[in-house]
Amino acid sequence: MPLPYSSDDSDDDAGDAELDAASEPVETGRRLIAVDHVRLGRWFLVFALVMGLWGGLDAVLLRTTLVTPTLDHWSADVYSSLFTTHGLTMLFLFAVPAIWGFAYATIPSLIRAERTAFPAVAVAAFWLQIPAAILVRAGTIGSALDVAGLDPVAIGWTLYPPMSVASSNPAVDALVAGLLLVAISTSLTAANLVVTVCRRRTIPWSDVDTFTWTVVTSAAMAVVAFPVLAGSLALLLLERAAGVGLLVGRSGPMVWLNLFWFFAHPLVYILVLPPMGIASHVLPRFAGRRLFGRRSVVYSTFAIGILSFTVWGHHLFMAGMGVGVRAVFMFVTLAVAVPSSAKLCTWLGTLWGGAIQHTAPMVATIAAIAFFIVGGVTGVFLAVAPINVLYNGTYYVVAHFHMMLVGFVAFTLVAGAYYWFPLLTGRWYDPTLAHLHVWLTIVGIIVTFGALFVVGFAELPRRIATYPPAFAPIHQLATVGAYVIAVGQLVFLLNLGRSLWVGERAGDDPWGLADEPSHAREW
């Protein structure tokens, strides 16, 4: 007679099946947390690519609006909404994740670490970006799906009050909440990278490469700057919900200006420093020599990181700032040009007398440096208070800003994508398509932002969907340039898809640098 609590073999099998079923979610969670750092880097880069294409579409639609001097395509509100989502998408959902993607994919190998310091934090920070992107673009999505009351946000990417406070569009609340998630995600990612480099490296500080130095400096800056953004956004949400009166009234807009630009100007250098590191990393590989002035590159990185938190006031020159305070911010802003110029000298010194290989990443890097010179010199003029007052509200600022962020930052990311393509995918890209992509983008950048410099010198106001008919030919030229840039990115997508499908497999030393003085540890 069997015991009351005995069971036969079938009962045992059923119990084992139940245990296996119960353990599946746990195992899935463990697999997600234990993601290899290279795979995590791919996740960030794929997300950045998708959002970059979406934000780029906004730019193409913006330029299409400006083909004619009157509103023949869309309304002024649609233009303003495109302007808003383009800026926020490209800054927060494309450039920042792309930088973290390259960092995760390469830095643990460069510092001889087996993994990042906090893999679970890294994965959680990545997944926060998905709802953040949906919330930031909620107005666009709501409009496309015809959701009643959810309209595209048309308040500008700087979210200046009183418009950001007074708007009754619920998509504004969604956008602010999405940016709050971005701030949290970026802070977590940045802290993880800082701890990874400081605690997980198995090489001495003297052997840390320049790309890692720029990333850890940029990440340390993000740990300071993005909580300021988070606090500002929380205050904006509180203002919209409860009307506390801190961001409206006589001095309210100045509170937002100081909070926002104390974050936003360091953000520019958070975005610029890692591309500087990519340029310093790629150039020696294809110049056949070690990086010239490596120590000055590291010290200038620190100097830029520190000085970037002292220059936000030059964005307030038009806001009634006193002459003495203007002078202080002007000289501090000009001082940032010194360490930036030091980096330029190291790049030119590395190229001088080198055996240059004209690979796609090398051509892209050299072009990015040329754009950096143009963007840097035009930025120096904006640091001078009288010139800033004259050109602050014109297309000159648009041209300068995009020459730095598209011409240098995005184009250096392109160089990094081609250089690390074999590492990220295990395959080779088509070099002909790669060169076509690079040269189409170079031509498009020159045409688009060269034309905007022209209308900027003529003091044509920016952020306005209409303009005098006399400027139509130059605006049309800029639009043609934007279309050329767009075609270039389609070539990149074609090359990417072809390479992943039928591309030749890459070896352990794809660039043949194992015996060269510029060999790097990520391979």
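Which helices each supply at least two residues of the lining of the largest cavity? I looked this up first, and the answer is helix 3 and helix 7 (170–200). Helices here are DSSP runs of H or I with at least four residues, numbered from the N terminus.

**Entry: ground rules**

I am working on a predicted model, in which local features need pLDDT of at least 70 and side-chain atom pairs count only at pLDDT 80 or more, while totals for chains, interfaces and linings use all residues. Residues are numbered from 1 along each chain as its sequence is written, and side-chain values use heavy atoms, with hydrogens and water left out.

**Entry: confidence**

I checked pLDDT, the predictor's confidence in each residue on a scale from 0 to 100. The chain has a mean pLDDT of 90, with 93% of its residues at 70 or more. Contact means heavy atoms within 4.5 Å.

**Entry: the cavity**

I searched the whole structure for cavities of 30 Å³ or more and found one. A cavity is a set of points, on a 1 Å grid over the protein atoms alone, where a 1.4 Å probe fits but cannot get out; lining residues have an atom within 4 Å of a point. Grid points are joined across faces, edges and corners, and a volume is the space filled by probe spheres set on the points. The largest cavity comes to about 40 Å³. I list its lining as Phe92, Val96, Pro97, Trp100, Gln129, Val182, Ser185 and Thr186. Helix 3 gives the most, four residues. By class I get five nonpolar, three polar and no charged residues. In this scheme Ala, Val, Leu, Ile, Met, Phe, Trp, Tyr, Cys and Pro are nonpolar, Asp, Glu, Lys and Arg are charged, and the others, Gly among them, are polar.

**Entry: aromatic pairs**

I found 40 aromatic pairs in the whole structure. Rings of Phe, Tyr and Trp (its six-membered ring) pair if their centres lie within 6.5 Å; planes under 30 degrees apart are stacked, over 60 edge-to-face, and the rest tilted.

Phe92 and Phe226 have ring centres 6.5 Å apart and planes at 85°, so I log the pair as edge-to-face. Phe92 is in helix 3 (residues 76–110) and Phe226 in helix 8 (residues 210–242), so this pair links parts of the chain 134 residues apart. Both Phe92 and Phe226 are buried; buried means under 20% relative accessible area, exposed over 50%, and partly exposed in between (1.4 Å probe, protein chains only).

Trp157 and Trp261 are also edge-to-face, because their planes stand at 85°, with the centres 6.2 Å apart. Trp157 sits in the loop between helix 5 (138–144) and helix 6 (163–166) and Trp261 in helix 9 (residues 252–287), so the pair ties together parts 104 residues apart in sequence. I find Trp157 and Trp261 both buried.

I also noted one aromatic cluster whose members include Phe102, Phe211, Trp420 and Trp511.

**Entry: loop residues**

What does Arg137 contact, leaving aside its neighbours within four places in sequence? I get Met51, Trp54, Gly55, Asp58, Thr85 and Thr89. Arg137 lies in the loop between helix 4 (119–136) and helix 5, and is buried at 1% relative accessible area.

Leu150 is in the loop between helix 5 and helix 6. From C-alpha to C-alpha, Leu150 is 8.4 Å from Thr140, which is ten residues away in sequence.

**Entry: backbone**

I found a cis peptide bond between Pro161 and Pro162, with omega about 10°. Pro162 is in the loop between helix 5 and helix 6.

Arg112 has a positive phi, near 60°, in a residue other than glycine. I place Arg112 in the loop between helix 3 and helix 4, partly exposed at 45% relative accessibility. Arg463 has a positive phi near 65° and lies in the loop between helix 16 and helix 17 (472–502). Arg463 is partly exposed, at 35%.

**Entry: Leu257**

Is Leu257 buried or exposed? I log Leu257, in helix 9, as buried, at 14% relative accessibility. Leaving aside neighbours within four places in sequence, Leu257 contacts Tyr160, Leu316 and Ala319.

Conventions: On a 1 Å grid over the protein atoms alone, a cavity is a set of points where a 1.4 Å probe fits but cannot get out, and a pocket is an open set with protein on both sides within 12 Å along at least five of seven lines; lining residues have an atom within 4 Å of a point.
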